[in-house]
Amino acid sequence: AQWRWHSCTPLLRAHYQWYTLLEAPAAPRYRCCDLRPLLRDVKLSHTEVLSHLQITMRAVLFAAASCAAYIPPARQPRATALNAVDADVLRQEFPALKQKSRGHDLVYFDSGATSQKPQSVLDATTKYYEEDNANVHRGAHDLAQRATDAYEGARDIVAKFINAFSRNEVVWTRGATEAINLVAHAWGDAYVSRGDEVVLSALEHHSNLVPWQLLSSRTGCTLKYAPLDEKQQQLDTDKLLGLITPRTKVVALCHVSNVLGCVAPVQQVVEKVRRVAPEAIILLDACQSAPHKPLDVQALGVDFVAFSGHKMCGPTGIGVLWGLSTRLEEMRPWQGGGEMIGDVFLDDGVTTYAAPPARFEAGTPPIAEAVGLGAACEFLTEVGMDRIAAYEKQLGAKLYEGLAGFGDRIRVVGPPPSERGAALCAFTCDGVHSSDLAFFLDQEGVAVRAGHHCTQPLHKRLGADGGTVRASLALYNTESEIEAFLAALDR
């Protein structure tokens, strides 16, 4: 790893070739812990530095006191055979899928809750703990540099994966839930007040409902909910657009519903908001879209996108908040601590904060998890997100048609496959509670999800107070598994 240390003119070389002091006024891509307040009395002349054959600790501290820019090393593409979606080949990359469940071959249809992890993700996480385990950004030793390289390199990978304008727009969080809460607090508390309106929908996951309800209790803002089109079994677009007025300050929607599979009318929402309420923000919950289709934040035209790593072949405990640089810059910190500071004072000054993304990443970050998410994005990119979307479209259609073949015994909620953005189907079975049906399927080795899927308001409007059974597929599932699932369901 290379570190370029700014704000000095001497060129320090000799035994410590990691450190190079360059005269460069440009803002750093990552700012290290600032020790300048401790070193204001240090006097180190240009001539003295160049005359030394060895760099003293004093010189190293002087270097560490300056702003640092993280310069990621060149990454060599890995050779891979994953150049097409061949599920039988892909399955070999996922160790968990090779096991038996209840004496049967495992049929894992619960990827909407969490996906399985390929070997490359497991290897990347293990490598960090076995070889590179150290805290990031503040260490001058070899392990710390390797850890920082892997951690910040993962940020570059994710930025490319979602086509961000800048790597500094990628903020690490514990998951999509924390990402949405971050925006509700750091942006909402500052810019939303009584009389303002927040537009949501009846389809939202609780993580995109409760944070805004809490914001309403803090600020007195009004919450407005776009309803379900009960006939079409998806979001009522006309009524959603009708809720957007000059009083709108926030529009927060799921990109793809985790129950109905329908896709939000993002382009229409963006056009209406930019025209009617140009100061408002648009946030997308992309948890059910990021694993299944190309995610291009520039093309979407929204202000914030939140998604979790564990639903897209990455580890648990890691998520991403992407935000436009202008929006992130206008937000105050949500949590305080190490990493997110500029200068800290007691009573002799005013504490300042780091620039984004560090401003929102207080404390020791989820290093191994970020490394694993970077590996997951590389894996998905190698397979090809367009290929994944096309293959899962076929799987989703076969699943839907198979369930529809049961007639009145099974009621599938949501629109037809052509209008879905993910290969998932939620359904009820006449005379059988969703939890009981999931239990019976488990005895056949089929893993599905039962309940409200964190969408209680939606289930009430669907007339499914007892919940639904959800089968959610991913790139590693096969048509033969769908046939096994349908046969088990019939039994």
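Arg 274 is partly exposed in this predicted model, with a relative accessibility of 30%. The side chain of Arg 274 forms a salt bridge with Asp 303, and the closest N and O atoms of the two are 3.0 Å apart. Arg 274 belongs to helix α9 (residues 266-276), while Asp 303 sits in the loop between α10 (297-300) and β14 (304-308), so the pair ties together parts that are 29 residues apart in sequence. Asp 303 has a relative accessible area of 2%, and is therefore buried, since the limit for this class is under 20%.

In total, the structure holds 24 salt bridges. In general, side chains of opposite charge can pair when their charged atoms come close. Another of the bridges is formed by the side chains of Lys 249 and Asp 196, with an N to O distance of 3.4 Å. Lys 249 is part of strand β12 (residues 248-254) and Asp 196 is part of the loop between α6 (176-191) and β8 (197-201), so this pair ties together parts that are 53 residues apart in sequence. Asp 196 counts as buried, because its relative accessibility is 12%.

A further salt bridge is found between the side chains of Arg 359 and Glu 329, at 3.6 Å from N to O. Distant parts of the chain are linked by this pair: Glu 329 is in helix α11, and Arg 359 is in the loop between α11 (325-329) and α12 (367-383), 30 residues apart. Arg 359 is buried, with a relative accessible area of 11%, whereas Glu 329 is partly exposed at 46% relative accessibility. Salt bridges can also share partners, and in this way Lys 127, Glu 131, Asp 132, Asp 142 and Arg 146 are joined into one network.

Aromatic rings were examined next. A pair of aromatic rings is described by the distance of the centres and the angle of the planes. The structure holds eight aromatic pairs. One of them consists of Phe 439 and Phe 440, whose ring centres are 5.9 Å apart and whose planes make an angle of 65°. This pair is edge-to-face, because the angle is over 60 degrees. Phe 439 is partly exposed, at 49% relative accessibility, and Phe 440 is also partly exposed, with a relative accessible area of 48%. Elsewhere, ring pairs link Phe 94, Phe 379 and Tyr 476 into a cluster.

The protein chain contains 16 helices and 20 strands. Among the helices is α13, which covers residues 385-404 and has 20 residues. The distance from the first C-alpha of α13 to its last is 28 Å, close to the 28 Å expected at 1.5 Å a residue. Several residues of α13 are buried, including Met 385, Ile 388, Tyr 391, Glu 392, Leu 395 and Leu 399. Gly 396, Ala 397, Gly 402 and Leu 403 of α13 are buried as well.

For the protein chain as a whole, buried residues make up 54% of the 491 residues. Of the contacts with a separation of 6 or more, 71% are between residues 24 or more positions apart. The chain exposes about 21700 Å², and 51% of this area is supplied by carbon and sulfur atoms.

Notes
Residues numbered from 1 in each chain as written. Predicted model: local features only at pLDDT ≥ 70, side-chain atom pairs only at ≥ 80, totals over all residues. Heavy atoms only, no water. Salt bridge = Lys/Arg side-chain N within 4 Å of Asp/Glu carboxyl O. Helix = DSSP H or I, 4+ residues; strand = E, 2+ residues; numbered from the N terminus. Buried < 20%, exposed > 50% of the residue type's maximum accessible area, 1.4 Å probe, protein only. Expected span 1.5 Å × (residues − 1). Phe/Tyr/Trp six-rings, centres within 6.5 Å; stacked < 30°, edge-to-face > 60°. Contact = heavy atoms within 4.5 Å. Areas by Shrake-Rupley, 256 points an atom, 1.4 Å probe, with all protein chains shown as cover.
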